[in-house]
Each structure stands twice: as C-alpha cells, then as structure tokens.
Amino acid sequence: MPAATPNTPVLATPTITPGHDAAAVAARDLPFSAGGTLAPGVPVGISDELKGAPGWKLEKENVAGASQYAKTDGCVVAARVSTGQAPLAQGGDRESTVALFQYLDGTIQPSYLKTETLQWGGAPDAPGRNVEVLALEQPAPGGRSTVVLARVFGTADSSAYITVSCPNPAALASARNEVRRYLPLLPPTA
C-alpha cells in the first residue's frame, strides 16, 4: 500500500460495533434458526404470571433456580432458566437443545423430540410472538401425563426448561395452553 500523502485519505478500520436491538428481536418470532440474533451472554427469562392464573398458585419461588406452580386439578409445573450453557452449544440452538435433553438422559433420541412453540414476550392479555422449543412427552410414574419443554439459547448462553405434569392427558392439554399463555419466555433486554 502506498504511503499516504497529505492530500490522500487513509481509510481506517471502524472501531464501533453496531448495537444490539433488543426491541427488534423481541418483536419477531424466534425459530431455532434465529437464535444468533440474541445479545451475546445476556440470558433469556421466564415470566411468573402463572401464579395469578385461575386455579394456579406459586408453590416454590426460585428454589435452586426453579419456580414451581400447582393447580387445583393436580397439575404441577416447574420452570427454570439456567446460565452458563456454553458447554452444551452444539452448533445451532436446535442441536444444542437436543444435547441438553441427552445430557439429562442419555437414552433420549432426537426422534423423541417434537418442535413446539411457547410465547416469546408479551403478557397474558397481550400475547407476544412465538419461540420454538423442543418437547418430550412421556408418561410419568403413577400414570401421570408429562411433557418437558426446553430450549438452549447458545448465543445468550442460557436455557429455559419447563416441566408440566398432570393426572391425565386432558388436564395436561389444558395446562400446556396455560403455560403457553402465562409463562412466556422473556427476550433479553440488552
């Protein structure tokens, strides 16, 4: 490259990185393929509005990082957000979420997991967008119907993990709808 002369402009490398637009991310659906649009290292959250939903009450709040809710029909929901999830990052968020399930139970095969959506931001009376999660539905001890909904957010270095357990399939279907409405995943704010 020739030396600059007083009349020749020298191009410099930009030193300002464009900012992260948290509002724009929250205003869009978050499929697995869009996980990289989150702010690096800023965890997602989970709302706690289920405690005020009809028939539900908060049993445990943030015990070992998890909150537990119980419904009058016998359903129980546990919800947690974990940080420091970089070791589970396996490429994209979908692969990382499969890795989370397999870390928790080595017998889980990717074919057991189904894609579902939860609410992404918003509130019970003003729904947000959708966020993709993986679901594992299985019978639990005592004949209970159970589903686990999870997502690893690799860029945000966090994961959301929700279990719903009910006495029967009909109660589980109702509880899943209420979880979707009252426990939205909350986009990072930074």
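**A predicted model: overall architecture, cores and selected residues**

The side chains of Lys-71 and Glu-178 are joined by a polar contact of 2.8 Å. The model in which this pair occurs is a predicted one. Lys-71 belongs to strand E3, which covers residues 66–71. With a relative accessibility of 15%, Lys-71 counts as buried, because the cut-off for burial is under 20% relative accessible area. When neighbours within four places in sequence are left aside, the contacts of Lys-71 are Pro-54, Gly-55, Trp-56, Ser-174 and Glu-178.

The secondary structure of the protein consists of three helices and nine strands. Read from the N terminus, the order of these elements is α-β-β-β-β-α-β-β-β-β-α-β. Of the 190 residues in the protein, 39% are buried. Among contacts between residues at least 6 apart in sequence, 55% join residues at least 24 apart.

The average pLDDT of the protein is 86, and 88% of the residues score at least 70. Strand E3 has the highest confidence, at 96, whereas helix H1 (residues 22–26) has the lowest, at a mean of 75. Over residues 9–18 the pLDDT is below 50, and this stretch has one contact in the model beyond near neighbours in sequence. Where pLDDT is low, predicted coordinates should not be read in detail.

The largest nonpolar core contains 33 residues, of which Val-77, Trp-120, Phe-153, Ile-162, Val-164 and Leu-185 touch the most other members. At least two residues of this core are supplied by each of strand E4 (76–83), strand E5 (114–123), strand E6 (126–140), strand E7 (144–153), strand E8 (158–166) and helix H3 (169–182). Helix H3 provides the largest share of the core, five residues. Another core, of 12 residues, lies apart from it and includes Leu-134, Leu-136, Ala-150 and Val-152.

Neighbours within four places in sequence aside, Ile-162 is in contact with Ile-46, Val-77, Ala-78, Ala-79, Leu-118, Val-147, Val-148, Leu-149, Val-179, Leu-183 and Leu-185. Val-164 is located in strand E8. The relative accessible area of Val-164 is 0%, and the residue is therefore buried. Not counting residues up to four places away in sequence, Val-164 touches Val-76, Val-77, Ser-145, Thr-146, Val-147, Leu-172, Ala-175 and Val-179. Val-164 and Ala-78 are 86 residues apart along the chain, yet their C-alpha atoms are separated by 6.8 Å.

Helix H2 spans residues 93–104 and has 12 residues. The distance from its first C-alpha to its last is 17 Å, close to the 16 Å expected at 1.5 Å a residue. Asp-93, Ser-96, Thr-97, Val-98, Ala-99, Leu-100 and Phe-101 are the buried residues of H2. These buried residues pack against strands E6, E7 and E8.

Conventions
Residues numbered from 1 in each chain as written. Predicted model: local features only at pLDDT ≥ 70, side-chain atom pairs only at ≥ 80, totals over all residues. Heavy atoms only, no water. Helix = DSSP H or I, 4+ residues; strand = E, 2+ residues; numbered from the N terminus. Buried < 20%, exposed > 50% of the residue type's maximum accessible area, 1.4 Å probe, protein only. Polar contact = N/O pair within 3.5 Å; in protein donor to acceptor, adjacent residues only side chain to side chain. Contact = heavy atoms within 4.5 Å. Core = buried A, V, L, I, M, F, W, Y, C linked by side-chain atoms within 4.5 Å. pLDDT = per-residue confidence, 0-100. Expected span 1.5 Å × (residues − 1).
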